[in-house]
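Please look over the sequence and the model shown below before reading on.

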Amino acid sequence: MKQYKFLFSLYLSFLLILIVFFLTSVHNSSANNSMAEWVINYQGGFTRRGFLGECIFQISQFFDFQLRKTFLVMQILIYIAYFYSIYFF
């Protein structure tokens with residue numbers, strides 16, 4: 001069982017490294033329009049999907065970060081939390 005946990009954590013770590021590599025390569029692409037759905041916020045009026053975009057928008061303004069980099073960090077943190085929960089559940 002102990003070896004299984006070690007191999008499973010190694011597998012999840014490998015997947016996380018690949019995902020971070022993929023997200024940063026897509027982030028650095030000049031034709032990246034995958035962020036369009038994440039940017040929906042309450043600045044243009046009330047929309048159903050605007051809460052997450054508004055939160056990230058306010059965080060980027062508060063810490064004076066670029067919006068694209070804030071979304072990149074947020075996506076990486078979501079994946080880390082996802083794999084962490086997979087490992088412990």
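Asp64 lies in the loop between α2 and α3, where helices are DSSP runs of H or I with at least four residues, strands are runs of E with at least two, and both are numbered from the N terminus. Asp64 is exposed, with a relative accessible area of 69%; here exposed means over 50% relative accessible area, buried means under 20%, and partly exposed lies in between, computed with a 1.4 Å probe on protein chains only. Although Asp64 is not a glycine, it has a positive phi of about 55 degrees.

The model is predicted, so local features need pLDDT of at least 70 and side-chain atom pairs count only at pLDDT 80 or more, while totals for chains, interfaces and linings use all residues. Residues are numbered from 1 along each chain as its sequence is written, and side-chain values use heavy atoms, with hydrogens and water left out.

The secondary structure of the protein chain comes to three helices and zero strands, and along the sequence these follow the pattern α-α-α. Of the 89 residues in the protein chain, 22% count as buried. Contact means heavy atoms within 4.5 Å, and among the contacts between residues at least 6 apart in sequence, 49% join residues at least 24 apart.

Two of the helices can be set side by side, each with its span from the first C-alpha to the last and the span expected at 1.5 Å a residue, which is 1.5 Å times one less than the number of residues.

| Helix | Length | Span | Expected span |
|---|---|---|---|
| α1 | 26 residues | 37 Å | 38 Å |
| α3 | 22 residues | 32 Å | 32 Å |

### How α1 meets α3

The axes of α1 and α3 come within 10 Å and cross at roughly 165 degrees; such axes are lines fitted to C-alpha atoms, for helices over the stretch in contact, and the angles run from 0 to 180 degrees between N-to-C directions. The two helices α1 and α3 are therefore roughly antiparallel to each other, since angles over 145 degrees count as roughly antiparallel, those under 35 as roughly parallel, those from 65 to 115 as roughly perpendicular and the rest as oblique.

Within α1, the residues Leu12, Ile19, Leu23 and His27 are buried, and the buried residues of α1 pack against α3. Lys69, which is found in helix α3, counts as partly exposed at 47% relative accessibility. Although Lys69 and His27 are 42 residues apart along the chain, their C-alpha atoms are separated by 8.2 Å.

### How α2 meets α3

Helix α2, residues 50–62, and helix α3, residues 67–88, pack at an angle of about 120 degrees, with their axes 9 Å apart. That angle makes α2 oblique to α3. The contact is made by Leu52, Ile56, Phe57, Ile59 and Ser60 of α2, together with Leu67, Thr70, Phe71 and Met74 of α3. By class, the contact of α2 with α3 has seven nonpolar, two polar and no charged residues.

### The buried residues of α3

Which residues of α3 are buried? They are Thr70, Phe71, Leu72, Gln75, Ile76 and Phe83, and the buried residues of α3 pack against α1 and α2. Thr70 has a relative accessible area of 8%, and, when residues up to four places away in sequence are not counted, Thr70 touches Ile56, Ile59, Ser60 and Phe65. Phe71, also placed in helix α3, is buried with a relative accessible area of 3%. Phe71 and Gly53 are 18 residues apart in sequence, and from C-alpha to C-alpha they are 9.0 Å apart in space.

Definitions and conventions: Nonpolar A, V, L, I, M, F, W, Y, C, P; charged D, E, K, R; others polar.
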